[in-house]
Amino acid sequence: MNTKALLLFWLISPLLLLSACKKEIKTTFSLNNVALVAEGPLTEGSNTAQGTVKEALAAFLKEHNLTPEQITNVKLTKAVVHAPDSVGFDLVKSITLQLASDGAEMVEAGVVNPVPAGAKMATLQLPAEPKNMLYTLKQNTFTLVADLDIKQDTSMNFPLTGNLEFEVTHH
């Protein structure tokens, strides 16, 4: 090995070692009681309920003294939707939940099909290979979109509440 190569090796090795030793930390982060509404009249078949989330990561970053650049991955670990107590999910066959924003691609969060009869809450089945939702949550606002398969026509609005739990990986 020539002298220049050996010198370069000794200069770069400590930097590589330090960057390899950065410890990844995984922390839980929740969005609770996100209001979604499917505005009536609703027809039998596919209908959409939407809710807007603003500055989703702001409180998390402040609480953990982090910058957005320190976050490397955000993975959805749990998604639960609640129906109004007076109605429950009696009108709903299935639910598909997605996250959408102007600055990131739409990401499927989960699905429940069929919705259990008489249920007032439903835990969604998450994708087998969850997508990194970091870019969506970094947006100033994003939209939760619930596609509802309705059993029969109704003139009423259908409000839902969503609770999402994420695993945030950061340095």
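In the predicted model, a salt bridge joins the side chains of Lys26 and Glu167, with an N to O distance of 3.8 Å. The two partners come from distant parts of the chain: Lys26 belongs to strand 1 (residues 25-38) and Glu167 to strand 8 (residues 158-170), a separation of 141 residues. Glu167, with 22% relative accessibility, is classed as partly exposed, because the value falls between the limits of under 20% for buried and over 50% for exposed residues.

Glu167 also takes part in a salt bridge with Lys75, in which the closest N and O atoms are 3.8 Å apart. Lys75 is located in strand 3 (residues 71-82) and Glu167 in strand 8, so this pair ties together parts of the chain that lie 92 residues apart in sequence. The relative accessibility of Lys75 is 30%, which means that Lys75 counts as partly exposed.

A polar atom of the Ser101 side chain lies 3.2 Å from the backbone nitrogen of Ala104. When residues up to four places away in sequence are not counted, Ser101 touches Thr136, Gln139, Thr141 and Phe142.

At the level of the whole protein chain, the secondary structure consists of three helices and eight strands. Read along the sequence, these elements follow the pattern α-β-β-α-β-β-β-β-α-β-β. The protein chain comprises 171 residues, of which 38% count as buried. The accessible surface of the chain comes to about 10200 Å², and carbon and sulfur atoms account for 52% of this area. With regard to sequence separation, 80% of the contacts between residues at least 6 apart in sequence join residues at least 24 apart.

Key:
Residues numbered from 1 in each chain as written. Predicted model: local features only at pLDDT ≥ 70, side-chain atom pairs only at ≥ 80, totals over all residues. Heavy atoms only, no water. Salt bridge = Lys/Arg side-chain N within 4 Å of Asp/Glu carboxyl O. Helix = DSSP H or I, 4+ residues; strand = E, 2+ residues; numbered from the N terminus. Buried < 20%, exposed > 50% of the residue type's maximum accessible area, 1.4 Å probe, protein only. Polar contact = N/O pair within 3.5 Å; in protein donor to acceptor, adjacent residues only side chain to side chain. Contact = heavy atoms within 4.5 Å. Areas by Shrake-Rupley, 256 points an atom, 1.4 Å probe, with all protein chains shown as cover.
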